[in-house]
Amino acid sequence: MRITVDTDRCVGAGQCVLNAPAVFDQDDDGVVALQDPAVAPEDRDAVDTAATLCPSGAITVHRD
Amino acid sequence: MTPDTAPPDTAAGSTTSAEPPVVDFPLRVPGESFPPPRYQDYRDRQGLVVSYLPNGRKVWLVTRHEDVRSVLTNKKISSNPDHPGFPNVSETMGVPRQEQIPGWFVGLDSPEHDRFRKALIPEFTVRRVRELRPAVEQTVDRCIDAMLAAGDEADLVADFALPVPSLVISALLGVPPVDRDFFESRTRTLVAIQASTDQQRDTASRELLRYINRLVAIKQKWPGDDLISRLLATGAIEPHEMSGVLMLLLIAGHETTANNIALGVVTLLQHPEWIGDDRVVEETLRFHSVADLVSLRVAVEDVEISGQLVRAGEGIVPLVAAANHDAKAFSCPHAFDPARTERHHVAFGYGVHQCLGQNLVRIEMEIAYRRLFERIPGLRLAVPVEELPLKYDGVLCGLHALPVRW
């Protein structure tokens, strides 16, 4: 599992940080910041939740 | 209720014909539970449901979770209340139309909207909101102190649920302590839909706007460590737009939070096994969906939703309470179950307008429930639950009062 984020689409709702804090952060502007694009197995469910909850579709999960 | 529209049971037969079913507006009626049981019927029908506002305007009701999310992210659908087809439910439901003052950015579409949102995001990040935790705890405790000092009974709406968000917002905006009483009383008049007359609300609104403009002028000259000063320093929002931005924060963060606090306490008293479990916050947001009628839209181009053609200029009413009780999205949706794993409710809306202050609301709810039951373990309703005055006539769902004893 690999993730990419679209910072232009991000609306700063913070759902990703709330649900997968090991993977996502918000920078000083409140915009999504990826801690590590490679997702640890134990964080996969949380990342899926974050991607589903993101109101602006800024998170894409790649299963390659 | 208007007598000339067909009740849902007779209209149900029309799902097989080309004519979409028609239902009454207002959707909530006295004595009925919320969300209205009829929402189930609306969700089960094909396509969309037609409704007519009391002013005669036709609107489309969107009730399924998938459809609501799709409407709230569709670029052919606008949030602009100045559009002639916009379904202004508040105009017809005893609530004054929100003023289109500059900076009222929930009424703007992208990209105009985005400048405001981006400037405000840093104020409401998960980290920033966590820093507000001690201040929220102090506010909650002070309200509880006052209730305990006053005796062994209280109206939990007037004495707790409303003052908590009001005090939190005034601190966030940097309202000087000396002005907090003025600020709070005017805000209370503005958001207390039933208790205030239209004229009282107009007066309060004008006084607040004047006060906010003065506060902005003061912060321009003498910046402090507060939201207004920081926002001005970004230069992204013009001083004349600040009044709209600040009124919006004030109104959006107020009665919604209060209603969630009050209804959540009632639900916890009915399900005491969940007291002390923070997962209650997310489930309360979904279960009560107080902002059912808030995310209103208008089609600006022809658009198809769930197989139904919606013409440009037609109003769309996504019902978030209906979406949040959709069995296709939530297992046993009518059960209050804080342990559920589905978290994709739309209680805060969806898309670029999703509630900016949602993480602050979560913290206010969490601390309010926790401290209230820790400090007043004998808390109980002073009237039977079915006698609680439910708001059925406003845009938001909530309680007019919540009499409690301990």
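Mentor: Two strands are said to pair if DSSP finds at least two bridges between them. The model is predicted, and the part to look at is strand 9 of chain B, residues 315-318.

Begin with the neighbours of strand 9 of chain B. Strand 3 of chain B, residues 58-62, pairs with strand 9 in the parallel sense, and four bridges connect the two. Within that pairing, B:V62 has B:P318 as its bridge partner. Strand 6 of chain B, residues 297-299, runs antiparallel to strand 9 and is joined to it by two bridges. Here B:G315 of strand 9 stands opposite B:V298.

Next, the directions of the residues. In a regular strand the side chains alternate between the two faces of the sheet. In strand 9 of chain B, B:G315 and B:V317 point one way, while B:I316 and B:P318 point the other way. All four of these residues are buried.

For context, chain B also touches chain A. The contact takes 15 residues from chain A and 14 residues from chain B. On the chain B side, helix 5 (126-131) and helix 16 (358-375) each supply at least two of the residues. That side divides into six polar, five nonpolar and three charged residues.

As for confidence in chain A, its mean pLDDT is 93, and 100% of its residues reach 70 or more.

Note on methods:
Residues numbered from 1 in each chain as written. Chains lettered and ligands numbered in written order. Predicted model: local features only at pLDDT ≥ 70, side-chain atom pairs only at ≥ 80, totals over all residues. pLDDT = per-residue confidence, 0-100. Buried ≥ 20, exposed ≤ 12 C-beta atoms within 10 Å, placed from the backbone. Contact = placed C-beta atoms within 7 Å. Nonpolar A, V, L, I, M, F, W, Y, C, P; charged D, E, K, R; others polar.
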